[in-house]
Amino acid sequence: MADLVRTSKFLSLVLRHKPEEIGLTLDANAWADVAELIRLANDHGVRLTPPLLDRIVAENEKKRFAFSDDRTRIRASQGHSIAVDLDLPPTPPPELLYHGTATRFLESIRAGGLHSANRQHVHLSPDEATATKVGRRHGKPVVLIIRAAEMARAGHVFYLSANGVWLTGRVPVAFITFPAP
Ligand code: HQG
């Protein structure tokens with residue numbers, strides 16, 4: 001199991017952030033060629049086989065990776081820091097979405113709203129439980145309520161990733177409900 005996690009972290013690195021680390025190229029829509037990925041991973045000392053890759057795509061707890069329909073290509077479903085166009089259709093969001101963050105970021109978020117930091121989008125969760133888990137990665141978690149439908153009416157565009165994460169460019173502070181102190 002630990003092996004799967006390690007390989008999955010390696011895939012996140014090369015499919016979201018640093019494909020050049022192993023000489024991989026992603027196309028404009030973030031896809032990597034599966035055969036090339038497997039060859040380059042092994043060249044760089046990471047054991048990867050077609051069945052192992054199939055298992056990771058199927059069993060990854062957040063469904064982080066997806067194959068193309070013909071299974072010749074693979075990409076991360078969200079979370080990129082490099083400039084890629086996931087070619088997702090703009091999608092009307094539900095009334096409310098949630099953003100999990102850490103209490104230490106609150107002051108800065110109150111001042112400037114949510115921005116995407118190193119990634120391409122601000123990530124929003126469909127429910128509070130998921131957002132709490134996201135926030136815990138950064139410290140003491142806190143969940144912000146995002147008035148998403150109101151944002152969309154004001155012209156902000158939302159996308160829904162293949163693994164259920166809502167994505168948008170930034171969230172101005174006017175659309176954020178902060179927890180009572
Ligand atoms: C914070 C995981 C100060 C923001 C998760 C967050 C997610 C600000 C951090 C995905 C700020 C960025 C993304 C401001 C935003 N001042 N801090 N103005 N605006 N921030 O990791 O949303 O496991 O880039 O609140 O499940 O935590 O990788 O984003 O705390 O879907 O598949 O800046 O990563 O998925 O952190 O997580 P991140 P995130 P994976």
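R137 is partly exposed, with a relative accessible area of 48%. Partly exposed means between two limits: buried is under 20% relative accessible area and exposed is over 50% (1.4 Å probe, protein chains only). The model is predicted: local features need pLDDT of at least 70, side-chain atom pairs count only at pLDDT 80 or more, and totals for chains, interfaces and linings use all residues. Residues are numbered from 1 along each chain as its sequence is written, and side-chain values use heavy atoms, with hydrogens and water left out.

R137 sits in the loop between α5 (128-136) and β6 (141-147). Helices (H or I, at least four residues) and strands (E, at least two) are DSSP runs, numbered from the N terminus.

## A sheet of three strands

Strand β6 also belongs to an open sheet of 3 strands. The order is β4-β6-β9, and the pairing is antiparallel. The edge strands are β4 (96-102) and β9 (176-177), each pairing on one side only. Two strands pair if DSSP finds at least two bridges between them.

β6 and β9 pair over 2 bridges. Look for I145: its bridge partner in β9 is T177.

## Two residues with positive phi

Most residues other than glycine have a negative phi. A30 has a positive phi, near 80 degrees, and is not glycine. A30 lies in the loop between α1 (2-17) and β1 (32-33). With 0% relative accessibility, A30 counts as buried.

R71 is another residue with positive phi, about 60 degrees, and R71 is not a glycine either. The loop between β2 (65-67) and β3 (73-76) holds R71. R71 counts as partly exposed, at 47% relative accessibility.

## R6 on helix α1

R6 is placed in helix α1. R6 is exposed, with a relative accessible area of 56%. R6 and V46 are 40 residues apart in sequence. In space, R6 and V46 are 9.6 Å apart, C-alpha to C-alpha.
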